[in-house]
Amino acid sequence: MKTPYDLLGGEQGVRALCDAFYCAMDEMPQAEDVRRMHKSNLDEIKQKLFEYLSGWMGGPPLYNDKYGTVCMTTPHKPFAIGPKERDQWLACMD
């Protein structure tokens with residue numbers, strides 16, 4: 001049975017997903033609230049999302065290897081994230 005990581009094409013596919021996600025966030029006016037939560041340069045967060053999704057989708061646990069336990073609450077604590085921000089994030093991922 002293939003993992004989501006494999007089905008997306010491994011490293012190359014997951015990187016492409018992360019690139020497309022942040023490209024959408026940069027270009028979609030309806031994502032402006034979540035875009036403002038990020039630095040102007042998205043390279044670092046794009047890499048972190050790739051590392052996280054790699055392990056989450058059944059590939060190498062890069063995020064865990066680099067940062068330890070995966071806790072999504074801590075890095076998001078400084079931000080007010082509600083239904084509007086959730087929906088904007090999901091629209092970018094879609």
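1. Asp33 counts as buried, at 18% relative accessibility; buried means under 20% relative accessible area, exposed over 50%, and partly exposed in between (1.4 Å probe, protein chains only). This is a predicted model, in which local features need pLDDT of at least 70 and side-chain atom pairs count only at pLDDT 80 or more, while totals for chains, interfaces and linings use all residues. Residues are numbered from 1 along each chain as its sequence is written, and side-chain values use heavy atoms, with hydrogens and water left out.

2. Which residue meets Asp33 in a salt bridge of 2.5 Å, N to O? That residue is Arg36, which is exposed at 59% relative accessibility. A salt bridge here is a side-chain nitrogen of Lys or Arg within 4 Å of a carboxyl oxygen of Asp or Glu.

3. Asp33 also forms a salt bridge with Lys84 (3.4 Å, N to O). Because Asp33 is in helix 3 and Lys84 in helix 7, the pair ties together parts 51 residues apart in sequence. Helices (H or I, at least four residues) and strands (E, at least two) are DSSP runs, numbered from the N terminus. Lys84 is partly exposed, at 47%. Shared partners join Glu32, Asp33, Arg36 and Lys84 into one salt-bridge network.

4. In helix 7 (residues 83-93), the buried residues are Glu85, Gln88 and Cys92. They lie on the same side of the helix because their arc around the axis is only 60 degrees, taken from the directions from the helix axis to the C-beta atoms.

5. Glu11 and Arg15 form a salt bridge of 3.1 Å, N to O. They are four residues apart in helix 2, about one helical turn.
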